[in-house]
Amino acid sequence: MFMSQPPKAQTSSGKSPETYYDFIAGDYDMMTEKFSQWRAPEQMLSDIELLLHDNDRVLDIGTGTGLFLDELKKLDKPLDIHATDISHGMCKHCASKHPDVNISCGDFMSMELPWQTPFDLISLCGVVELFSDLDAVFSRIDGLLNNNGYIVFTYEPLLADNPTQNKQRSLIEPLNEDEQALYSEFYSWRHEPVLMQELLIKHDFNYLAGREFSAYKINQRDVIYHLVVAQKFII
Ligand SMILES: C[S@@+](CC[C@H](N)C(=O)[O-])C[C@H]1O[C@@H](n2cnc3c(N)ncnc32)[C@H](O)[C@@H]1O
């Protein structure tokens with residue numbers, strides 16, 4: 001089921017990635033498989049498969065075309081899956097691949113979720129880097145999770161000794177003039193691993209696991225990501 005809310009002009013990060021993702025939605029699966037070899041969805045699944053139980057309620061934020069949902073379905077477990085994305089194009093593609101998933105389109109930070117809460121697992125695959133204010137993101141997630149629920153997410157770490165990942169933010173620039181006309185520039189944000197752990201603690205999460213992996217390639221070069229699994233404290 002696909003529900004749509006009018007997109008906001010600006011996201012919580014102050015930029016407007018929705019038109020960018022609308023633009024690439026039709027090619028996203030081909031691009032991520034053939035060119036960039038996007039590995040985050042399968043990596044995330046391997047770290048959470050043992051934590052999921054039958055009929056758990058899952059929310060995938062920034063689901064895109066649903067690549068992480070493809071992975072979840074490999075588990076062959078009955079799950080109650082919900083997904084959101086700011087891009088209508090992405091939501092439409094996801095809905096055509098996953099008609100059984102509840103999908104709602106809008107900016108996660110400001111949209112009203114049309115479903116009952118809480119969730120047992122909230123996932124963000126390749127999405128955290130699009131938010132500058134993670135404090136606000138975790139506050140929102142906190143209110144949507146079960147007391148002992150899990151979050152699993154990937155993020156791009158700030159790596160002082162890596163010449164291509166040592167700046168806090170990178171501009172995502174239009175590739176050509178056609179794209180330039182379609183969307184405004186926006187940034188992807190890197191986060192310090194130590195600060196990420198502190199942020200999770202601040203929001204009452206137990207940091208269960210974190211590891212580094214190669215998420216995709218740019219011109220044959222590996223782009224390093226971190227994968228985190230955390231559990232909300234039981235009070
Ligand atoms: C790099 S793609 C990742 C898609 C998918 N999770 C995957 O692993 O292939 C980032 C996605 O986040 C979505 N997104 C960006 N900002 C968002 C926001 N504020 N609320 C909801 N979705 C957002 C984009 O539209 C895009 O589909």
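**View 1. Contacts across the whole chain.** Among contacts between residues at least 6 apart in sequence, 69% join residues at least 24 apart; two residues are in contact if their C-beta atoms, placed from the backbone, lie within 7 Å. Keep in mind that this is a predicted model: local features need pLDDT of at least 70, side-chain atom pairs count only at pLDDT 80 or more, and totals for chains, interfaces and linings use all residues. Numbering runs from 1 along each chain as its sequence is written. The chain has eight helices and 10 strands, taken as DSSP runs (helices H or I, at least four residues; strands E, at least two) and numbered from the N terminus. Of its 235 residues, 38% are buried. Here "buried" means 20 or more other C-beta atoms within 10 Å of the residue's own, "exposed" means 12 or fewer, and "partly exposed" is in between, with C-beta atoms placed from the backbone.

**View 2. Confidence along the chain.** Mean pLDDT, the predictor's confidence in each residue from 0 to 100, is 89 for the chain, and 87% of residues reach 70 or more. Watch residues 5-15, where pLDDT stays under 50. For that stretch the model has 30 contacts beyond four places in sequence.

**View 3. The shell around the ligand.** Of the 25 residues around the ligand, Y21, G62, G64, F108 and C125 come nearest; a residue counts as near if its C-beta atom, placed from the backbone, lies within 6 Å of the molecule. Two or more shell residues come from each of α1 (17-24), α3 (40-48), α4 (67-74) and β3 (80-85). The top contributor is α1, with three. By class, the shell has 14 nonpolar, eight polar and three charged residues. The nonpolar class is Ala, Val, Leu, Ile, Met, Phe, Trp, Tyr, Cys and Pro, the charged one is Asp, Glu, Lys and Arg, and the others, Gly among them, are polar.

**View 4. T65 in its loop.** T65 sits in the loop between β2 (57-61) and α4. T65 counts as buried because 27 other C-beta atoms lie within 10 Å. Beyond its neighbours within four places in sequence, T65 is in contact with A25, Y28, D29, M90, H93, C94 and K97. The C-alpha atoms of T65 and D29 are 7.2 Å apart, though the two are 36 residues apart in sequence.

**View 5. Helix α5, mostly covered.** Seven of the 10 residues in α5 (88-97) are buried. They are H88, G89, M90, C91, H93, C94 and A95.

**View 6. One face of helix α6.** In α6 (134-142), V137, F138 and I141 are buried. Seen down the helix axis, the buried residues fall within an arc of 95°, so they line one face of α6; the arc is that of the directions from the axis to the C-beta atoms. These buried residues pack against β5 (119-124), β6 (145-155) and α8 (193-202).

**View 7. The largest nonpolar core.** This core has 54 residues, of which M44, I122, I151 and V152 touch the most other members. β6 gives the most to this core, with six residues. A nonpolar core is a set of buried Ala, Val, Leu, Ile, Met, Phe, Trp, Tyr and Cys residues joined through C-beta atoms within 7 Å. Leaving aside its neighbours within four places in sequence, I151 is in contact with I122, I141, L145, F205 and A230.
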